[in-house]
Amino acid sequence: MIAGTQFAPGIGPQDRVVLFDGVCRLCSAWARFLIRFDTKRRFKMATVQSPEGQAILEWYGFPVDTYETMLLVEGSRIYTKSGAFFRVMRRLPFPWPVFCVGWIVPWFVRDWLYDRVALNRYALFGRYDTCVIPTKDHDSRFLGG
């Protein structure tokens with residue numbers, strides 16, 4: 001987690017934004033999962049390739065040309081890897097918070113496992129040639145939409 005007192009571009013104090021790799025099939029499936037199960041619309045999303053995503057990455061000092069983790073921005077705080085995943089899951093309706101039992105695993109083991117999937121995601125799940133564009137009915141779920 002990285003904390004600050006100011007907010008990244010397009011992020012307000014109460015905002016929760018999930019950044020994901022828009023050409024990764026696994027990551028895009030994660031975004032569709034959030035759209036389906038985040039019924040209270042607690043999260044907005046942005047692809048790391050979008051202008052909004054690039055601005056957030058740059059603001060927090062992450063590379064803008066290689067992507068190794070999902071990011072969760074909550075106001076001025078940012079979470080990565082398994083920490084981001086579990087923070088999202090605990091805010092979804094039942095039964096999804098049950099997966100947070102994974103918090104009992106030490107963070108360095110969780111993040112090591114996360115890295116194994118993240119670093120091999122294209123080989124395991126494939127990639128799109130271009131970034132997936134949200135449909136009109138999902139525009140409101142994305143930054144800049």
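**Sheet and helix packing**

Mentor: Strand β1 (residues 16-20) pairs with β2 in the parallel sense over 4 bridges. This is a predicted model, in which local features need pLDDT of at least 70, side-chain atom pairs count only at pLDDT 80 or more, and totals for chains, interfaces and linings use all residues. Residues are numbered from 1 along each chain as its sequence is written, and side-chain values use heavy atoms, without hydrogens and water.

Trainee: Which residue in β2 stands opposite Phe20?
Mentor: Strands (E, at least two residues) and helices (H or I, at least four) are DSSP runs, numbered from the N terminus. Two strands pair if DSSP finds at least two bridges between them. The residue in β2 opposite Phe20 is Thr47.

Trainee: What is the order of the strands in the sheet?
Mentor: The sheet is open, with 4 strands and mixed pairing. Its edge strands, β2 (44-47) and β4 (77-80), each pair on one side only. The order is β2-β1-β3-β4.

Trainee: How is α3 oriented relative to α4?
Mentor: The axes of α3 (residues 81-89) and α4 (residues 107-119) come within 7 Å and cross at roughly 95°. Axes are lines fitted to C-alpha atoms, for helices over the stretch in contact (heavy atoms within 4.5 Å), and angles run from 0 to 180 degrees between N-to-C directions. Angles of 65 to 115 degrees count as roughly perpendicular. Therefore α3 is, relative to α4, roughly perpendicular.

How values were computed:
Parallel < 35°, antiparallel > 145°, perpendicular 65-115°, else oblique.
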